[in-house]
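Here's a quick briefing to read alongside the model. Have a look at the structure first, then go through the points below.

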Amino acid sequence: MTETASRPRPARETLEDVYVVDADVHIPEDPAGLAEYAEPPWDVGLREIAKVEERYLDLPGMTPRAEFRVPFPGGSNRRQIVTSAVELRTSLDELEVDKAVLFPDHLLYLAMVRDPSFAATLARAYNQWLLEHWLLEDPSLRGALVVAPQEPEAGAADILRHAGRREFVCVYLPASGVRPLYGHRQYDPVYQAALESGLPIALHSVEAVFPVFPFELNEFRTTLGAHAVAHPFSMIANMVSMLETGVPARYPDLRFAFMEAGCGWVPFILNRLDKEYIERRREVPYLQERPSHYIKRFFFGTQPVEEPERAADIVKLYELFDGENQALFASDWPHHDFDHPRYFFGLPFSPEARRKIMGGNAVRFFGPEVAA
Amino acid sequence: VTEHVVCRVDELPEGSHRVFRVGRREIGVFNMGGELHAIPNLCPHQLGPLCEGGVSGALDRGPHTGWKLAWIWDGEVVTCPWHSLEFHVPTGQCLALPDVRLRKFPLRAVDGEIRVSV
């Protein structure tokens, strides 16, 4: 007793004490930079695109999007891009982020690029540019290897070309505006290549108004409507499609993550599918267990983290899909809706759950390359 | 309560705002049409640097505007650079969240200097 009583109380854990892996940080791929790595004649096109003034996530020729917003004054005046590995590292130091996984800016829209050959070229060029200009510059920056869904075979070849490079820690599939959805058999070569390379798969969504299911969001007149719905719709549609064709049953050793849609939709679709499964198992005989059992083995980016009025509700929400073990802290820095690690750290999770979500789960998902 | 000199009056022309460190706090001081206002440079949402944001007006629509879209409070609304949460500076009122109102620090211009009470 005396011994226990005299033991000094451990200091309260602070954000600095926690190892933070940021599973989603964005960099701006500039078209002139990509041109250096692009096959002819697409290098010529990229240099032409480079002459156009670039705006936030809006570069004609590279970001297909329907933009109907009237520009009233106001809104954030923050510069929402970082232009070098050094600048990024400095800002990540301010955020207390130890390791970061880099995703693109404009190539969030890659699935909506119409010419398959251009899309595949963009992906290939970006991966090489990412490696040389960012990942090799700073070992605390790791990369997501982009695949253009329009050319799965080319994507698979690019995965295999970079196989064994420690700088790439996952394959990124652009999830918004994609047709067909990621359960389609045409993507099997991508999954096979990822499996052979030991890389997990991360689907990443973006606000997309595009004439394919379920992205026909032009019925909304506001960004609030389109943005709120685009991300979870994108994830729900792709996840259901993947379960329909048994992707997680056919690739049981492949890890999957769903980035940038928050987590609120996960308990909903998990319970909805379990209910359907009771009656319709015969339609999905690949599945040997309830759909929720597969979903609870998927990983989910935290951002944009839900902000319920009662902060404790976020803990309940995460309990419903085993978020303590399956959620990956993601800031989305430097984008408009980024979450500050300090904010996430302040949520009422247990210290153990917080350490897992802010770093430990990322090591389980991405692998030892993101470990301390 | 202590009065702190933050700058000279002529260093904060009408329509401008600046952030000052006062002790351990950062305070945003605004000159809106000759009226001075001081609020914390700390957004209550995710603790972003609120007063580094731009000043503009806001869109409004309700029974008080006859249900017509209206541009109101031009030059009186600061927007947080982190997540675009808007605040009406003269009242400290958050536009999106009725239960959130910023603390306002008393301040005055004396002998050509702006003095903020903290």
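In which strand is Phe300(A) found? Look in strand β7 of chain A, residues 299–301 (strands are DSSP E runs of at least two residues and helices are H or I runs of at least four, both numbered from the N terminus).

Keep in mind that this is a predicted model, where local features need pLDDT of at least 70 and side-chain atom pairs count only at pLDDT 80 or more, while totals for chains, interfaces and linings use all residues. Residues are numbered from 1 along each chain as its sequence is written, chains are lettered from A and ligands numbered from 1 in the order in which they are written, and side-chain values use heavy atoms, with hydrogens and water left out.

**Around Phe300(A)**
- Phe300(A) counts as buried because its relative accessibility is 0% (buried is under 20% relative accessible area, exposed over 50%, partly exposed in between, using a 1.4 Å probe and protein chains only).
- Its contacts beyond four places in sequence include Met239(A), Trp265(A), Ile295(A) and Gln326(A) (contact means heavy atoms within 4.5 Å).
- Phe258(A) is on that contact list too; the two C-alpha atoms are 4.9 Å apart, although 42 residues separate Phe300(A) and Phe258(A) along the chain.

**Nonpolar cores**
- The largest nonpolar core has 141 residues, and Tyr191(A) and Tyr318(A) touch the most other members (a core is a set of buried Ala, Val, Leu, Ile, Met, Phe, Trp, Tyr and Cys residues joined through side-chain atoms within 4.5 Å).
- Helix α5 of chain A, residues 116–135, gives the most to this core, with 11 residues.
- Apart from this core lies another of 11 residues, including Cys7(B) and Phe105(B).
- Leaving out residues up to four places away, Tyr318(A) touches Cys263(A), Phe344(A) and Ile357(A), among others.

**Ser241(A)**
- You'll find Ser241(A) in helix α8 of chain A, residues 223–244.
- Ser241(A) is buried because its relative accessible area is 9%.
- Not counting residues up to four places away, Ser241(A) touches Leu181(A), Tyr182(A), Gly183(A) and His184(A).

**Where chain A meets chain B**
- On each side, 15 residues are in contact with the other chain.
- About 1300 Å² is buried between chain A and chain B, with 53% from carbon and sulfur atoms (buried area is the accessible area, 1.4 Å probe, that two parts lose on being put together, summed over both).
- Phe72(A), Asn77(A) and Phe338(A) supply 32% of the area that chain A buries against chain B, more than any other three residues.
- Zero salt bridges turn up across this interface (a side-chain nitrogen of Lys or Arg within 4 Å of a carboxyl oxygen of Asp or Glu).
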